[in-house]
There are 2 protein chains.
Amino acid sequence: MNSASYEAFMQPRSVAIIGASDDGQKTGGRTLRYLDKYGYEGEVHPINPRRPTVQGKQAYPDLTAVGRPVDLAVIVTPAEHSVAALESCVAAEVPAVIMISSGFAELNAEGAQRQRELEAVLRGSSTRVLGPNCVGLVSVRSRLAATINTGMDQDRFDLRDGGIAFLTQSGAMGAFVFNMSQTRRVGLGSLISTGNEMDISFPEMMHALLDDPKVTGVAGYIEGIRDGEAFAGALRHAQEVGKPLAFLKVGRSPLGVEAIASHTGALAGTDAVYTGVFEQYGVTRIWGVEALADWAQMVDLARPPAGNRLSVTTTSGGGGVLVADHCTDLGISMATWEGEWQQKLAGALPEYLSARNPIDMAGTGGSSEALREVLALMGEHPGTDVAMVLIGNLDKEEDPLIEVLDEAHRSMDKPLVVVWVGGSGRPVVELTSRGVPAYTDPGRALQALSGLMAAHRAAGRPPAAAPPVDTGRRAQARALLAEARQAGLGVLDEFRAKKLLGLYGVPVVQEAVAQDPDHAAAEAAWLGFPVAVKLLADDVAHKSELGGVLLGLSSADEVSVAAKDMLARLPREVAEGARLLVQPMVAPGLEMLLGIKRDEAFGPVLVLGLGGTWTEVLEDVQLRLPPVSPEDVTDALSRLRSARLLGPFRGAPARDQEAVVAAAQALAELALELGDEIAELDINPLIVGARGDGACAVDAVVIPRAAAVPSDH
Amino acid sequence: MNSASYEAFMQPRSVAIIGASDDGQKTGGRTLRYLDKYGYEGEVHPINPRRPTVQGKQAYPDLTAVGRPVDLAVIVTPAEHSVAALESCVAAEVPAVIMISSGFAELNAEGAQRQRELEAVLRGSSTRVLGPNCVGLVSVRSRLAATINTGMDQDRFDLRDGGIAFLTQSGAMGAFVFNMSQTRRVGLGSLISTGNEMDISFPEMMHALLDDPKVTGVAGYIEGIRDGEAFAGALRHAQEVGKPLAFLKVGRSPLGVEAIASHTGALAGTDAVYTGVFEQYGVTRIWGVEALADWAQMVDLARPPAGNRLSVTTTSGGGGVLVADHCTDLGISMATWEGEWQQKLAGALPEYLSARNPIDMAGTGGSSEALREVLALMGEHPGTDVAMVLIGNLDKEEDPLIEVLDEAHRSMDKPLVVVWVGGSGRPVVELTSRGVPAYTDPGRALQALSGLMAAHRAAGRPPAAAPPVDTGRRAQARALLAEARQAGLGVLDEFRAKKLLGLYGVPVVQEAVAQDPDHAAAEAAWLGFPVAVKLLADDVAHKSELGGVLLGLSSADEVSVAAKDMLARLPREVAEGARLLVQPMVAPGLEMLLGIKRDEAFGPVLVLGLGGTWTEVLEDVQLRLPPVSPEDVTDALSRLRSARLLGPFRGAPARDQEAVVAAAQALAELALELGDEIAELDINPLIVGARGDGACAVDAVVIPRAAAVPSDH
């Protein structure tokens with residue numbers, strides 16, 4: 001989206017409402033009413049061919065009749081008039097359209113047909129459309145409530161601006177979160193409902209928001225992303241510009257996926273892919289509704305933390321223990337107070353309290369003077385990156401405490417987070433409205449804080465760049481795949497599969513192809529004993545199930561006898577024309593798996609895991625999108641539950657993790673160059689030696705994509 | 001605690017406050033002020049030798065001067081007067097004393113000495129003491145605020161009674177949770193701060209609360225339980241009387257343990273033991289502060305669910321998806337609507353909405369008429385155990401919706417849970433005060449609901465009973481241990497260890513003891529090849545590290561040669577006097593570990609896990625307290641992350657889980673009979689065959705307790 005379109009959505013000089021109703025309670029009348037209620041100051045033109053005025057405003061029969069340029073048109077007509085309405089917008093060169101009308105692809109086949117008509121109207125024009133089937137958009141900076149969301153029917157808050165944009169694939173959930181946040185005085189700067197994403201997709205709007213200097217972070221509710229590549233691009237962009245992201249991605253479970261199918265017909269996608277993508281790009285994953293508002297508040301209000309060392313002062317020693325537990329869960333460390341700093345702290349506390357972090361002030365924490373002194377020390381203490389205050393109740397002390405906390409927040413150059421449990425709830429709202437992040441529960445506050453910390457870590461880590469395509473190598477690889485396709489093979493044989501891997505620099509076991517058992521014995525002698533002998537036959541993906549893998553043969557005789565036996569046991573159709581693959585036995589090491597699988601939305605995805613039983617018992621794999629940096633792979637490996645096996649472990653030396661990283665990066669390059677042509681690729685096992693001894697792909701399966709159309713872009 | 005003492009604490013006819021101050025803001029004056037503020041109707045006698053009246057009430061110089069029986073004395077004097085104050089209570093035969101004064105064992109050695117003096121005063125008397133160093137007790141039913149907790153300084157709520165008692169080892173945390181709950185109109189019937197637990201311990205008070213017919217559940221904040229046996233007894237009692245329990249146990253992490261040590265000096269205990277104990281007795285573990293109030297609200301208000309099938313109706317399709325995800329995480333299933341019920345549901349919804357669960361009512365859910373109809377169907381639908389409504393905002397519709405929800409709740413005989421996200425917050429408080437469990441976040445509501453469901457499942461499961469002690473068997477076992485002790489052995493040799501196991505019916509591998517390699521070869525021939533030959537020497541716990549384990553020997557010659565080699569390689573001091581253990585090789589199976597370890601608080605604890613690498617990589621063990629029922633063991637096995645290996649798995653048959661259960665129960669009996677005499681016992685591996693093939697302990701280490709004093713109780 002270009003910046004003119006974006007501005008037309010977020011800060012339009014004029015708005016036309018096509019289908020505006022005189023009844024402000026009806027869907028068609030609400031937008032006009034809300035624009036007025038929240039004080040939008042641009043021009044507003046109701047379009048209604050049947051009335052001279054709408055809700056007291058002059059109405060026009062159509063857009064042309066307005067006679068002035070319109071930046072934003074909101075279409076609230078019934079679906080059957082939507083095509084004409086959009087045509088009028090395109091004709092009038094309206095840059096931005098919000099299509100609230102529903103009854104399109106989300107409803108039935110007839111609706112889908114109507115949506116295609118809308119797409120046809122749009123083709124070639126510069127008009128951009130949000131929706132259809134969305135609840136609209138709120139842009140707080142321009143007091144624009146271009147929405148039908150009845151959450152705007154409230155008299156509790158005036159809109160509060162803030163740096164966090166909220167993008168949602170569910171209108172109602174968006175309305176809930178926006179309302180909850182504003183009630184808590186958390187400023188969400190915008191609420192944007194993407195609806196059917198006929199024209200503007202979630203990733204495209206996200207990209208545009210990230211380019212807005214007023215936006216400091218983006219939060220979102222996601223059911224399913226259709227264009228994974230665009231989404232990943234937007235995530236990389238966020239990392240480049242250093243703006244934090246947090247998403248509540250639903251459809252994690254089979255029940256959730258089913259509910260999405262019945263809700264919007266969208267595809268939830270494979271959750272493990274989202275998990276991997278979020279981890280890769282430093283996106284905070286949100287698990288609940290309130291947690292979204294908690295995150296937005298923290299990221300909007302808190303100063304950037306320089307590190308993850310927390311000091312907490314509290315009126316509850318027990319609360320301090322709870323904070324320490326939560327911190328451990330979330331990877332936040334407790335700041336250490338030593339030497340002169342410990343002495344200073346001791347000086348600020350009564351004798352019977354110990355000068356340690358968590359700083360238990362017991363009852364004295366309710367005194368604003370005592371608290372001020374400890375807060376000043378936390379602000380100055382060089383070992384403290386984030387200061388937290390955990391208090392509770394204290395109805396009678398609210399006002400002086402609010403002043404002390406506000407003052408301390410203003411005078412500190414590090415983040416201060418307040419948790420005020422119980423009590424009237426007023427201090428939390430008051431502090432938030434003064435710009436101090438304040439919470440009602442220590443766990444929720446720390447969860448949000450850990451998101452802030454993760455975002456600042458991620459912002460410092462540039463996303464991996466894709467290496468340039470090696471056209472020569474790609475041509476060779478394609479020739480291999482074409483050969484297999486021509487031979488009508490669904491699966492590349494092991495020899496070709498490893499040749500393909502070798503092209504990209506994945507280390508593979510040395511090997512020779514033999515025509516018959518005696519030839520195999522001769523090759524084995526060249527390679528050196530012990531060897532493995534494997535069946536090499538067309539379209540056999542799982543040769544070990546056929547008895548086609550012989551391991552640890554230690555003499556030429558043994559090779560020749562065992563191979564003859566094997567061939568004799570095979571079904572005739574397999575044995576005929578079968579050849580034999582001879583490989584030296586690889587020294588035992590840690591068995592890992594490395595692969596590529598295709599995701600519907602994201603395309604080729606890199607799979608990393610421990611081999612065999614581990615993966616099956618624990619479903620312990622990590623997924624990442626190519627390209628991957630060495631840090632991406634190292635981080636993914638560290639998140640395997642079985643990561644300890646990479647050692648040193650139980651007397652076994654540490655494994656050659658660098659070799660795994662190199663192999664994963666090589667495979668990512670392969671995926672980037674050939675991704676569209678490969679349905680699945682599995683290296684299992686990749687045997688990983690001790691540090692310095694490298695890694696080696698011992699077996700591999702490659703399934704080319706049936707209808708792959710090579711492209712050179 | 002007998003019921004008279006309990007009644008004196010919870011429903012005293014008269015209260016004396018020893019050390020009452022005229023200044024109601026001071027610690028010494030608060031209790032008197034709060035008793036008045038919250039309308040306690042019994043007699044109140046301030047004791048203060050220096051004033052004729054205190055806060056306008058007639059004061060007495062001492063207890064004797066009161067001249068009337070006192071049920072409850074609250075001691076708020078400085079520590080130096082506490083001994084005399086307690087002496088006066090004992091002399092006056094006051095049944096219940098709350099000792100709020102601090103400056104005892106929690107402070108320093110001098111304080112600890114003073115606490116011992118208090119204990120001496122108490123010895124032999126019938127006076128029971130809560131504290132010292134506690135914030136007191138609130139008993140809502142008698143409007144008794146016998147506390148110094150400044151959370152009582154509020155004018156927002158009147159005390160609301162409820163079935164949940166709240167027991168806390170942190171005064172301030174207790175005050176926070178109590179205040180937060182009352183503000184939300186969640187009735188906590190009591191708040192009891194246990195302080196230093198000099199006399200009345202957390203488990204003892206818990207036991208007494210469980211016997212109170214007005215108490216329907218107990219929630220608690222725990223830092224560390226000193227008497228694990230009493231605690232386990234109270235948990236069993238809760239299961240017997242079918243009352244749900246939930247605990248926020250802190251000190252889960254090393255940081256938390258450190259914070260506890262500095263807070264109260266208590267021992268946090270091993271967290272994995274608490275995890276195991278809570279799982280065993282169906283206790284809900286709580287992770288955060290608000291979650292405690294969420295649980296209390298659900299258990300106090302919701303009807304018992306007949307099962308775990310949830311139907312949810314919502315104005316947000318996206319919210320429905322989120323609910324489905326949360327349910328999957330929490331083991332709650334989504335009810336299925338089929339046939340006539342689906343038709344009825346379709347009849348209640350506009351045509352464009354699909355009649356499925358989650359029931360997405362979209363905008364129509366905000367209409368009270370439409371919602372009433374769907375609520376009625378959810379109430380009647382036989383496949384729905386729990387009904388949930390998820391709505392949000394709707395400021396203008398609050399009143400009619402509250403009426404419809406309240407009505408539906410009253411007319412249903414299953415639990416109805418309301419989640420109202422965003423909006424003014426008033427409906428949530430109003431519904432709660434009408435007895436409808438209402439929440440602001442679907443995840444929090446479902447978390448609390450899963451606690452309720454777990455409690456009802458646990459209530460139906462009787463705790464395992466300890467079998468009678470088999471004194472003959474115990475005498476034999478003790479003889480074995482005594483023999484080892486007399487020989488000065490720190491570790492039982494494998495032969496004796498397995499003899500001990502055999503006594504209790506744990507299946508052990510067949511074996512013979514040989515004096516030398518040739519004798520071993522002869523024994524092996526009797527047992528049948530292949531065999532294992534192991535070093536049998538004093539005080540060697542890890543013989544495999546010494547090269548003292550030979551496996552798979554298949555002839556008499558092989559046995560004799562290999563055993564001679566082994567002995568020759570051993571250090572002379574080990575080899576001298578060493579004997580050999582000969583065992584037939586056990587058919588390969590799943591290797592598990594089974595053991596007993598001692599916990600400081602809970603005594604002997606049963607350990608279950610997968611053998612070897614699994615346990616070390618994942619720290620994947622489950623702990624349970626003896627005695628264990630077959631269900632306890634089965635449940636523990638199912639919670640192992642590696643549980644899938646019990647199969648059927650990867651072509652391997654399902655393992656003989658019954659044999660594992662029997663072995664675990666046998667070991668639990670051993671722990672019960674000999675627990676005090678055993679420091680550690682490890683069966684590793686227990687080889688588990690396919691179903692019907694049994695299990696077999698192949699190796700075992702038993703470390704007797706050094707200073708064990710056998711007792712016969």
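**Figure 1. Helix α14 of chain A and its packing partners.** In this predicted model, the buried residues of α14(A) pack against several elements of chain A. The strands among them are β15 (309-314), β17 (359-360), β18 (386-392) and β19 (416-421). The helices are α13 (339-348) and α15 (398-411). Which residues of α14(A) are buried? They are A:Ser368, A:Ala370, A:Leu371, A:Val374, A:Leu375, A:Leu377 and A:Met378. An α-helix has 3.6 residues a turn, so residues three or four places apart point the same way. The length of the helix can be checked too. Helix α14 of chain A has 13 residues, 368-380, and at 1.5 Å a residue these should span 18 Å.

**Figure 2. Chain A as a whole.** Chain A holds 25 helices and 30 strands. Its C-alpha trace spans about 95 × 80 × 40 Å along the principal axes. Of its 713 residues, 60% count as buried. How many of the contacts between residues at least 6 apart in sequence join residues at least 24 apart? In chain A, the share is 72%.

Figure 3. A:Asn393 sits in the loop between β18 and α15 of chain A. Is A:Asn393 buried or exposed? A:Asn393 counts as buried because its relative accessibility is 2%, under the 20% cut-off. Leaving out residues up to four places away in sequence, A:Asn393 touches A:Trp420, A:Val421, A:Gly422 and A:Gly423 in chain A. From chain B, A:Asn393 touches B:Asn149, B:Gly151, B:Ala175, B:Phe176 and B:Asn179. A:Gln115 is 278 residues from A:Asn393 in sequence. In space, the C-alpha atoms of A:Asn393 and A:Gln115 are 55 Å apart.

**Figure 4. Two positive phi angles in loops of chain B.** B:Ala362 is not a glycine, yet its phi is positive, at about 45°. B:Ala362 lies in the loop between β17 (359-360) and α14 (368-380) of chain B. B:Asn393 also has a positive phi, near 55°, and is a residue other than glycine. Where is B:Asn393 found? Its place is the loop between β18 (386-392) and α15 (398-411) of chain B. B:Asn393 has 2% relative accessibility, so this residue counts as buried.

**Figure 5. B:Ala348 in helix α13 of chain B.** B:Ala348 belongs to helix α13, residues 339-348 of chain B. With 11% relative accessibility, B:Ala348 counts as buried. Which residues does B:Ala348 touch, not counting residues up to four places away in sequence? They are B:Glu373, B:Val374 and B:Leu377. B:Leu330 is 18 residues from B:Ala348 in sequence. The C-alpha atoms of B:Ala348 and B:Leu330 are 30 Å apart in space.

**Figure 6. A crossing of two helices in chain B.** Two packed helices are described by the angle between their axes and the distance between the axes. Helix α24 (residues 630-638) and helix α25 (residues 657-674) of chain B pack at about 115°, and their axes are 9 Å apart. The crossing of α24(B) and α25(B) is right-handed. From α24(B), the contact uses B:Pro630, B:Val633, B:Thr634 and B:Leu637. From α25(B), the contact uses B:Gln657, B:Val660, B:Val661, B:Ala664 and B:Gln665. What classes of residue make up the contact? Six are nonpolar, three are polar and none is charged.

**Figure 7. Two cis peptide bonds.** In chain A, a cis peptide bond joins A:Gly647 and A:Pro648, with omega about 10°. A:Pro648 is in the loop between α24 (630-638) and α25 (657-674) of chain A. In chain B, a cis peptide bond joins B:Asn684 and B:Pro685, with omega about 5°. B:Pro685 lies in strand β28, residues 678-688 of chain B.

Figure 8. An unreviewed UniProt entry lists residues 498-534 of chain A as "domain: ATP-grasp". Over residues 498-534, the chain is 46% helix and 19% strand. The end C-alpha atoms of this stretch are 14 Å apart. A:His519 lies in helix α20 (residues 517-527) of chain A. At 28% relative accessibility, A:His519 counts as partly exposed. Apart from neighbours within four places in sequence, A:His519 is in contact with A:Val513 and A:Ala514. A:His519 and A:Val582 are 63 residues apart in sequence and 9.8 Å apart in space, C-alpha to C-alpha.

Definitions and conventions: Residues are numbered from 1 along each chain as its sequence is written. Chains are lettered from A and ligands numbered from 1 in the order in which they are written. This is a predicted model: local features need pLDDT of at least 70, side-chain atom pairs count only at pLDDT 80 or more; totals for chains, interfaces and linings use all residues. Side-chain values use heavy atoms; hydrogens and water are left out. Helices (H or I, at least four residues) and strands (E, at least two) are DSSP runs, numbered from the N terminus. The expected span of a helix is 1.5 Å times one less than its number of residues. Buried means under 20% relative accessible area, exposed over 50%, partly exposed in between (1.4 Å probe, protein chains only). Contact means heavy atoms within 4.5 Å. UniProt positions are given in the numbering used here, feature names are shortened, and annotations may be inferred rather than shown by experiment. Axes are lines fitted to C-alpha atoms, for helices over the stretch in contact, and angles run from 0 to 180 degrees between N-to-C directions. A crossing is left-handed if the near helix is turned anticlockwise from the far one by less than a right angle, and right-handed if clockwise. Ala, Val, Leu, Ile, Met, Phe, Trp, Tyr, Cys and Pro count as nonpolar, Asp, Glu, Lys and Arg as charged, and the others, Gly among them, as polar.
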